[in-house]
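Hi everyone, thanks for making the time.

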Amino acid sequence: MCNKRKSFIAKIVPKAGGVLGLVIVLPVRTLQLSMLPPYNSLLIQSLRLRRHMLIPSPITAAAMVEAKGLGRNYTGTINALLIGVFMLASTISHSRNALLEFECIVMGLLQFLCSPLSSSIPSKCSSLPLAPFLDIRCGLSEGPFYEEASHTLRFIDIVKKHVWWVDLREGPSSAKKIEYDISFGVTANLASSTDSFLFGGKHGIGIAKRDSSEYKYIKRFWHEAEISKNYETIMRANDGAIDRQGRFWVGAMNDPAYTNGKFDPVGILFRLDTDGTLHRVLENVTIPNGISFSLDDKTMYWTDTPTGNIYAFDYDVSTGNISNQRVFWHTEVGGPDGHAMDVEGNLWVALWGGWKVVRVSPEGKVTAEIEVPTRCPTAVAFVGEDVYITSEEDPEADKYPESAKWHGGVFKCHVGVKGRKLYDAKIASI
């Protein structure tokens with residue numbers, strides 16, 4: 001008898017929740033959209049931001065009911081009962097802060113009530129605010145890097161040739177930039193220095209001072225034959241990473257500022273070994289991008305953005321050699337850009353042109369999404385249980401005015417899991 005009752009509840013509850021949700025949501029949303037234009041904009045934006053968040057908030061529940069109709073989720077009934085209260089409160093209230101605070105309270109209640117009822121709800125929770133952490137209008141913010149010792153976030157603007165520093169103890173007001181006469185594509189810490197950092201730049205790999213625009217190259221990318229083909233003008237460094245042994249991996253690609261936005265398959269993935277020798281590991285790639293290493297350091301993940309692929313390689317940590325290239329994950333939504341790995345072995349991947357960051361499991365499955373309020377997120381860095389997301393100025397801003405509002409900004413999102421440890425470069429010649 002007990003099993004029959006449970007079976008009956010399992011069939012009826014989701015449907016009842018869906019019907020009740022529609023009955024409550026549609027009239028209230030009609031009222032909101034017709035009477036309160038400011039909330040029209042806010043709610044639509046919230047729906048876009050939270051439609052695929054890690055745990056249902058009231059707005060997420062509304063989107064779920066509206067999109068799926070008669071839902072198949074036990075959370076439908078609880079959501080439906082709370083959506084009406086939330087939406088009526090947001091209609092009456094003329095304070096965005098009150099609206100968002102109310103949502104956070106209900107979101108916590110949902111997490112408590114719903115987690116035991118549905119295994120489809122992941123255990124982690126994240127939400128993006130409705131404004132960037134830094135609204136600084138970068139041309140192409142990239143390469144976010146967290147320095148734990150100083151609790152500082154460093155990132156670059158490739159287009160405007162800036163390196164930005166933010167003291168996270170002081171917050172956004174502490175943001176400062178240093179301008180260089182070349183572009184940097186990626187930076188890393190040096191084990192041997194506290195006043196300088198390593199970079200992959202316009203013409204090669206070098207070191208730069210933290211407190212000035214002084215820098216010097218230690219290795220140039222190009223041979224004489226390539227220099228004669230104007231490679232020092234039409235190419236530049238892009239993303240990279242440090243492996244456990246302290247080697248520096250960095251990709252080079254066409255510089256769209258000098259190729260009219262065209263990207264030819266002439267890119268190269270370089271590896272600078274600890275003895276200072278520079279190796280060409282992969283050639284004839286287009287946009288070499290994010291690099292991460294598995295928790296056991298047996299697999300390297302690397303992106304060639306236009307293919308839509310993140311590739312996996314068998315990785316020999318003792319030699320730095322890679323082999324057995326295969327597709328780890330493929331997307332048709334935007335292009336995979338920079339990524340970072342968490343302590344559970346998941347990759348958090350920025351999807352350029354896709355409005356989002358996705359969490360990809362070690363099995364290559366998307367298990368969560370963070371929808372970003374600009375179309376072109378570029379890279380991800382962990383700071384504790386938060387991620388910081390950089391973005392590019394939208395090249396089609398006229399076509400995507402919503403994207404243009406905060407493009408080039410840096411966004412912060414709580415995800416409830418920490419990133420894996422980052423390594424310092426150990427180059428003997430420095």
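A quick word on what you are looking at. This is a predicted model, in which local features need pLDDT of at least 70 and side-chain atom pairs count only at pLDDT 80 or more, while totals for chains, interfaces and linings use all residues. Residues are numbered from 1 along each chain as its sequence is written, and side-chain values use heavy atoms, with hydrogens and water left out.

Back to Gly139, which sits in the loop between α5 (96-114) and β1. Helices (H or I, at least four residues) and strands (E, at least two) are DSSP runs, numbered from the N terminus. Setting aside neighbours within four places in sequence, Gly139 touches Asp157, Val159, Lys160, Glu392 and Glu393, with contact taken as heavy atoms within 4.5 Å. Look at Glu392 in particular: 253 residues separate it from Gly139 in sequence, yet their C-alpha atoms are 5.9 Å apart.

Glu392 turns up again in the second largest pocket, as one of the residues nearest its centre, along with Leu140, Arg236, Pro256 and Phe263; the lining has 30 residues. For this, a pocket is an open set of points on a 1 Å grid over the protein atoms alone, where a 1.4 Å probe fits, with protein on both sides within 12 Å along at least five of seven lines; lining residues have an atom within 4 Å of a point. This second pocket holds about 650 Å³, the volume being the space filled by probe spheres set on the points, which are joined across faces, edges and corners.

And the largest pocket? Its volume is about 1000 Å³. It is lined by 41 residues, and Phe145, Tyr146, Lys421, Leu422 and Tyr423 lie nearest its centre. Several strands each give at least two residues to that lining, including β1 (141-147), β5 (184-189) and β9 (235-242).

Now follow β9 into its sheet. The order is β9-β10-β11-β12, an open sheet of 4 strands with antiparallel pairing; two strands pair if DSSP finds at least two bridges between them. β9 and β12 (278-285) are the edges, each with a single partner strand, so one side of each has no neighbour in the sheet. Further in, β11 (residues 267-272) pairs with β12 over 6 bridges, and Ile268 stands opposite Glu283 in β12.

My last stop is β3 (residues 162-167). Why is this strand largely enclosed by the rest of the structure? Because 6 of its 6 residues are buried. Both faces are covered, with His162, Trp164 and Val166 on one side and Val163, Trp165 and Asp167 on the other.

β3 also has partners. It pairs with β2 (residues 152-157) in the antiparallel sense over 6 bridges, and Leu153 stands opposite Val166. In the hairpin of β2 and β3, with 4 residues between the strands, Lys161 takes a positive phi near 60°. β3 and β4 (residues 176-179) are antiparallel too, over 4 bridges, and there Trp164 has Lys177 as its bridge partner.

Definitions and conventions:
Buried < 20%, exposed > 50% of the residue type's maximum accessible area, 1.4 Å probe, protein only.
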